[in-house]
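Subject: Structure handover

Hello,

Here is the structure I promised to pass on. Please open it and keep it beside this email while you read.

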Amino acid sequence: MTTAIRFEHVWKRYMDHSLWSGGLKNYVLNRFREKARRQQRLVLEDISFEIKRGSTVGFVGRNGAGKSTLLGLIAGVLRADAGRISLDGRISSMLELGAGFHPDLTGRENVELYGVILGFRRSSIRRRLDSIIEFAELQDSVDLPLRFYSKGMIARLGFSVASQLDPDILLIDEVLAVGDHAFQNKCFEVINRFRAAGGTIVLVSHSEDDITRLCDQAFLLEDHRIVASGDPRSVMNRYQGKAKNSGD
Amino acid sequence: MGNHRFSPVRYIDLVLTLTQKEIKVRYKSNLLGYFWSLANPLALATVYYLAVQVFLRVQIDNYIVFLIVGLFSWQWFNNYLVTSCGAFLLNASLIKRTVFPRFVLPIALNLQNAFHFVMSIPVIFGLLIQQNVRLHLATFYGPLVLIPAQFLLLLGLGLVLSTVNLFLRDVERIVVILLNMMLFLSPVIYPIDMVPQAYQKFIWMNPMTPILEAWRGIFLEGTVRWGLVGLGYLYALVALTSGAWVYRRLSWRFAEVL
C-alpha cells in the first residue's frame, strides 16, 4: 500500500488580525510597531502523519483545534508556513456543499455553476445534469430559484454535484450532518462505493457514529497538535472523555 | 494549489459561466435591467448638459453626444472599480472552500461590465444619427480597437483593488472618494483642450484620459486616433503588470483573511 497523503512537520500560523482588519489607517500606524507585526496566531504545530491509499481516516477535535485548517491545507486552499505536504492523486473536497450557489439562480443553473467551479467542463456537467438532479431528488423544483429551497435541499444538490467528481482523495467536512435520514443513507452508499473502488477519504466530524462506522483510523487534534491516533473507537473515547473533563 | 489542473479551456468555461451568471442575476431581478444600466449615465448627461451648456453657457460642439460618449465609458470605469473591491471579498465561501484560479472572479466581473457597455453603444449610434453626426467607417471598427484597451486597463486596476481590499478593508471607501474626484479631473464633461496648458500634463497622467479622448475621436470625428489608442494600451500594460504582481504576491493568503 502506498501513501496518499503525507504531512511532515507542518506548521500553520495565521496573520495577526489586528494588523490588517483595521484597514489602511491602522496598517500605517501598526507598521512602525515591530512587535505587532510579529504577532501571529498558531493553528497547527508540527503536524506529521501518513494516510495510506484506500483508507478512510477521521479527524476529531474541539472547535478551533485546527481541523478545518488541516483539511484546507490538504485541499490546497491554504498554504503551510513550514514543513512538507505530499499528495498523490486527484483531490476533491466537500468542505461546504454548495459554496457559491446563488439564491436568484435556479437549481439547474446553480448545478452548472458549481460544477464548473469544481473543475468540470460545462458540456460534461450538462450531460450529467439529469442524473445529478435525480440523485438529489429535486426533479420537481429544479427550475425554481434557489431561495425557495430548504437548507437540506441545497445540501442535497451540492452533494449530488460533488459526488459526480471522480477523485482519488475525498475530503469531507461535517457535510454528512445535513439532509434527512434517507438522504444521509444515500450519502453513505456513495462513500462506501467510493471506498470499495479504492478511494481515500479524509473526514472531519463530531459524530461518533460517522467516525466509528466509516473510519479505519482516527486522529485527535488538541491545542494545535495531534495528541492521539489509531483505532477510531479508542480515539473517540479519549476525545469524549476529555470533552467531559473540560466541561464542554 | 496544484491539485486541480485547470487547462485553458477550463479557464474560459469558468470565466464565461461566472459572467453569464452575473448577467442573468442582474436581468432576472428586474425586467428593466437594460434600462437601469443606461439610466445613470443618461441622467448625469442631462444634468451636466443643463449645468454646463445652459447655465454656465460654455459652448462645446455636439455637447450632448460628447457627454454621452464620455459618461458611458466612465460608467464602465467607475462601476467596475467600485465593484471590483468586492470581487474576492464577496466570494468568501468560494475562496475558502474550493480550489480554482481566483483571478477569474475579477475577469468575469469586468466582462459583465464590458457587456453592459457594449449594450449601450446602440444608444450612442442612435444619438449620432439623431444629431446628424456623420458616420465614418472608423465609427464602426473603432470600438473593436478601443474596447480591449479599456478592458485590460480596468482589469489591471481591478486586480490591484480586489486584492488589496481583502487585506485593507477601507480601500473600498477611498476608491469611492477618488472616483468622485477623478470624474472632474478627467476629460469627461470638458474637452482636454479647455484645460490650461500648465495643468494638462496632470490630466494626461490619468489612465482614462487617452481612452476617453480616443472614444471622442471615434464617435465625433470618425477617426481612430492611434496615438491615443497606443497610450491607452501602454497604461493598460502598466496596470496589468501591477495587478499581476500584487495578485501573485498575495493570492495564497486569500483564504486566511476571509
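Below is what was found in it, part by part.

Please remember throughout that this is a predicted model.

**Chain A overall**

Start with chain A. It has 10 helices and 9 strands. Of its 248 residues, 42% are buried. Now take the contacts in chain A between residues at least 6 apart in sequence. Of these, 72% join residues at least 24 apart.

**The core**

Which residues have the most contacts inside the largest nonpolar core? They are A:Ile74, A:Leu171 and A:Val202, and the core has 130 residues. Helix 3 of chain B, residues 63–84, gives the most to this core: 11 residues. In soluble globular proteins, nonpolar side chains tend to be buried together.

Look at A:Val202 up close. Leaving out residues up to four places away in sequence, A:Val202 touches A:Ile5, A:Ile51, A:Val57, A:Leu71, A:Ile74, A:Ile169 and A:Leu171.

**Where the chains meet**

Next, the contact between the chains. Chain A puts in 33 residues and chain B puts in 29 residues. On the chain B side, the elements that give two or more residues are helix 1 (8–29), helix 4 (92–97) and helix 11 (254–257). Helix 1 of chain B has the largest share of that side, with 9 residues. By class, the side of chain B that touches chain A has 12 nonpolar, 7 polar and 10 charged residues.

A:Glu112 is worth a click. Its place is in helix 5 of chain A, residues 107–118. Is A:Glu112 buried or exposed? A residue counts as buried with 20 or more other C-beta atoms within 10 Å. A:Glu112 has 22 C-beta neighbours inside 10 Å, so it counts as buried. Not counting residues up to four places away in sequence, A:Glu112 touches A:Arg122, A:Ile125, A:Arg126 and B:Thr17. Along the chain, A:Glu112 and A:Arg122 are 10 residues apart. Their C-alpha atoms are separated by 6.7 Å.

**Helices of chain B**

Helix 3 of chain B is mostly covered, with 18 of its 22 residues buried. At 1.5 Å a residue, helix 3 of chain B should span 32 Å. Its end C-alpha atoms are 31 Å apart, which agrees.

Helix 5 of chain B covers residues 104–130, which makes 27 residues. From first C-alpha to last, helix 5 of chain B reaches 40 Å, close to the 39 Å expected. Just after helix 5 of chain B, B:Asn132 takes a positive phi of about 60 degrees.

B:Ile121 has its place in helix 5 of chain B. B:Ile121 is partly exposed, with 14 other C-beta atoms within 10 Å. B:Ile121 and B:Phe72 are 49 residues apart in sequence, yet 8.5 Å apart in space, C-alpha to C-alpha.

**Two helix pairs**

How do helix 2 and helix 5 of chain B pack? Their angle is about 80 degrees, and their axes are 10 Å apart. The two helices are therefore roughly perpendicular to each other. Helix 2 of chain B brings B:Tyr34, B:Ser37 and B:Leu38 to the contact. Helix 5 of chain B brings B:His116, B:Met119, B:Ser120 and B:Val123. By class, this contact has 4 nonpolar, 3 polar and no charged residues.

Now the other pair. Helix 6 of chain B (residues 137–167) and helix 7 of chain B (residues 171–184) pack at about 140 degrees, with axes 9 Å apart. Helix 6 and helix 7 of chain B are therefore oblique to each other. B:Leu161, B:Val164 and B:Asn165 in helix 6 meet B:Val171, B:Glu172 and B:Val175 in helix 7. These residues divide into 4 nonpolar, 1 polar and 1 charged.

**Positive phi angles**

Two more residues to look up. A:His9 has a positive phi of about 45 degrees although it is not a glycine. A:His9 is found in strand 1 of chain A, residues 3–15. A:His9 is exposed, with 12 other C-beta atoms within 10 Å.

B:Arg57 is not a glycine, and it has a positive phi of about 55 degrees. B:Arg57 lies in the loop between helix 2 (33–55) and helix 3 of chain B. With 7 other C-beta atoms within 10 Å, B:Arg57 is exposed.

Best wishes

Note on methods
Residues are numbered from 1 along each chain as its sequence is written. Chains are lettered from A and ligands numbered from 1 in the order in which they are written. This is a predicted model: local features need pLDDT of at least 70, side-chain atom pairs count only at pLDDT 80 or more; totals for chains, interfaces and linings use all residues. Two residues are in contact if their C-beta atoms, placed from the backbone, lie within 7 Å. Helices (H or I, at least four residues) and strands (E, at least two) are DSSP runs, numbered from the N terminus. Ala, Val, Leu, Ile, Met, Phe, Trp, Tyr, Cys and Pro count as nonpolar, Asp, Glu, Lys and Arg as charged, and the others, Gly among them, as polar. A nonpolar core is a set of buried Ala, Val, Leu, Ile, Met, Phe, Trp, Tyr and Cys residues joined through C-beta atoms within 7 Å. The expected span of a helix is 1.5 Å times one less than its number of residues. Axes are lines fitted to C-alpha atoms, for helices over the stretch in contact, and angles run from 0 to 180 degrees between N-to-C directions. Angles under 35 degrees count as roughly parallel, over 145 as roughly antiparallel, 65 to 115 as roughly perpendicular and the rest as oblique.
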